[in-house]
Amino acid sequence: MAECIFCRIVAGEIPSEIVYRDDEVVAFRDINPQGPVHVLVIPVEHIPGIREADPSKNALLGKLMTVAAKLAEEEGIADSGYRLVINQGPDAGQAVFHIHLHLIGGRKLSWPPG
Ligand code: AMP
């Protein structure tokens, strides 16, 4: 989708600090980090939200998690811990309508989230 900011990052049309890329998944640093480590892990395929993901996407969605776990190791936060978050819809404050998994860590994270 030409107007999707994350599709444009995948296409290299908008600069970002990409930390992982393969044919299916791209990860890049969040422009407004909520912790010392804040990476967004996204599918290359444009899927607006988890609501639009049918079971044919199970493997792809699972891959977002395993890529995030690998990146957590590389970022040095696997032992201290981290949070993986998908914001879905207005009450969760979803701002970008291309599924993304937030990997946030490097500080103590409070619970429940705000
Ligand atoms: P969400 O509220 O879950 O939709 O989160 C969207 C995230 O995308 C926010 O954390 C933003 O800071 C981040 N974001 C928006 N534009 C960019 C960009 N150009 N590069 C990196 N991260 C971005």
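1. Contacts along the chain. In this predicted model, residues 24 or more positions apart account for 54% of the contacts with a separation of 6 or more, a contact meaning heavy atoms within 4.5 Å. Residues are numbered from 1 along each chain as its sequence is written. Local features need pLDDT of at least 70 and side-chain atom pairs pLDDT 80 or more, while totals for chains, interfaces and linings use all residues; side-chain values use heavy atoms, without hydrogens and water.

2. Secondary structure. The protein has two helices and five strands, in the order α-β-β-β-α-β-β. These are DSSP runs, numbered from the N terminus, with helices (H or I) of at least four residues and strands (E) of at least two.

3. Burial and main core. Of the 114 residues, 38% are buried, that is, under 20% relative accessible area with a 1.4 Å probe, protein chains only. The largest nonpolar core comprises 19 residues, and V25, V39, V41, L64 and L71 have the most contacts inside it. Such a core is a set of buried Ala, Val, Leu, Ile, Met, Phe, Trp, Tyr and Cys residues joined through side-chain atoms within 4.5 Å. Two or more residues each come from strand 2 (25-29), strand 3 (37-43), helix 2 (58-75) and strand 5 (101-105). Helix 2 gives the most, with seven residues.

4. Surroundings of V39. Leaving aside residues up to four places away in sequence, V39 touches V19, A27, F28, R29, D30, L71, L101, H102 and L103.

Notes:
Buried < 20%, exposed > 50% of the residue type's maximum accessible area, 1.4 Å probe, protein only.
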